[in-house]
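User: I'd like to learn how to read side-chain features in a model like this one. Could you walk me through a few?

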Amino acid sequence: MNIDSPKSSQAQKKGNLLYDLILSQQQDEEEIQNTLYQNQVLENFVGSNMGFKNCTFQSCQFLDCRMSNFSFVDVMMENCNLSSCQLYDLATQRVRLKNCKLMGTNLSQSLLQNTAFLGCNLRYASLSGSKLKAVEFNGCSLEEADLSEGKFKSVEFSDCDLRKIQLLHTPLDGIDLRSCEIGGLKLNINDLKGSIVTAQQAIDLVSFLGVVVR
């Protein structure tokens, strides 16, 4: 899949994440730009209607944060922890997350575009009601995640753990699941139409037809 990589238009300066966010709120600014954050900890932060552009996050931790209606444009995140954070109504464009933890993270009602999740842990995460366009999940765990009511366009799952994932009312037409673990999927039979699976996976999915294989 061809996904646009983050574009770095200007040099990045080192920043203090909490200070920059509070300063932006006080000055009524909507965007933080061209900043590198390394080994930063942001805890119990609450904010909305803000964004990051041309920023890099390395080994940062977001603890119990509620950041609604945020945007990330041309952003790279590596070895970051966003588990259990509230990031609903998130918008991403040209974003790459590598080896990040998003266990139980709420990303519902989001718009993710040209975004790659590489080796990330999204177990129990929620992306319900989200729109995904040109999004890649490679080597990720989405076990028991919730992607129901989603709209997919050019979405790719490679070597992912999708066991017990919820995909109710999320059409999978054209989605290739052959390299993934898909035991215990929760979806409607109509959602499977047009998906690509192996012969063994097809046998496992027969249960959705109400057929017993002996």
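Here we go through aromatic pairs, salt bridges and a charged patch.

Analyst: Keep in mind that this is a predicted model.

User: Let's begin with the rings. How do I read an aromatic pair?

Analyst: Two things matter: a pair of aromatic rings is described by the distance of the centres and the angle of the planes. Searching the whole structure turns up 10 aromatic pairs. Take Phe-57 and Phe-62: their ring centres are 6.0 Å apart and the planes sit at 55 degrees, so this pair is tilted.

User: Are Phe-57 and Phe-62 buried or exposed?

Analyst: Buried. Phe-57 has a relative accessible area of 0%, and Phe-62 has 2%. The cut-off to remember is that buried means under 20%.

User: What kind of pair do Phe-57 and Phe-72 make?

Analyst: That one is edge-to-face, because the planes are at 65 degrees, with the centres 6.4 Å apart; the label needs an angle over 60. It also joins distant parts of the chain: Phe-57 belongs to strand β6 (residues 51-58) and Phe-72 to strand β9 (residues 71-78), 15 residues apart. Phe-72 counts as buried too, at 5% relative accessibility.

User: Which residues form the aromatic cluster?

Analyst: Phe-57, Phe-62 and Phe-72 come together with Tyr-37, Phe-52 and Phe-70 in one aromatic cluster.

User: Now charges. What's the general idea behind a salt bridge?

Analyst: Side chains of opposite charge can pair when their charged atoms come close. In this model the count comes to 7 salt bridges. One of them is between Glu-143 and Arg-163, at 3.5 Å from N to O.

User: Where in the chain do Glu-143 and Arg-163 sit?

Analyst: Both are in loops, and the pair links distant parts of the chain, 20 residues apart. Glu-143 lies in the loop between β12 (131-138) and β13 (151-158), while Arg-163 is in the loop between β13 and α2 (199-204). As for cover, Glu-143 is buried, at 11% relative accessibility, whereas Arg-163 is partly exposed, at 33%.

User: Which other residue does Arg-163 form a salt bridge with?

Analyst: Asp-161, where the closest N and O atoms are 2.7 Å apart. Asp-161 counts as buried because its relative accessibility is 12%. Zoom out and you'll see a network of salt bridges linking Arg-123, Glu-143, Glu-144, Asp-161, Arg-163 and Glu-181.

User: How far apart are N and O in the salt bridge of Asp-176 and Arg-178?

Analyst: Their side chains meet at 2.6 Å, N to O. Asp-176 is partly exposed, with a relative accessible area of 27%, and Arg-178 is partly exposed as well, at 47%.

User: Last one: which residues form the negative surface patch?

Analyst: Asp-28, Glu-29, Glu-30 and Glu-31 do. A patch residue needs over 30% relative accessible area and no salt bridge. Look at Glu-31: at 31% relative accessibility, Glu-31 counts as partly exposed. Its place in the chain is strand β2 (residues 31-33).

Notes: Residues numbered from 1 in each chain as written. Predicted model: local features only at pLDDT ≥ 70, side-chain atom pairs only at ≥ 80, totals over all residues. Heavy atoms only, no water. Patch = residues over 30% accessible without salt bridge, like charges linked within 9 Å, V, L, I, M, F, W, Y side chains within 5 Å. Areas by Shrake-Rupley, 256 points an atom, 1.4 Å probe, with all protein chains shown as cover. Salt bridge = Lys/Arg side-chain N within 4 Å of Asp/Glu carboxyl O. Lys, Arg positive; Asp, Glu negative; His and termini not counted. Charge placed at Lys NZ, Arg CZ, Asp CG, Glu CD. Helix = DSSP H or I, 4+ residues; strand = E, 2+ residues; numbered from the N terminus. Buried < 20%, exposed > 50% of the residue type's maximum accessible area, 1.4 Å probe, protein only. Phe/Tyr/Trp six-rings, centres within 6.5 Å; stacked < 30°, edge-to-face > 60°.
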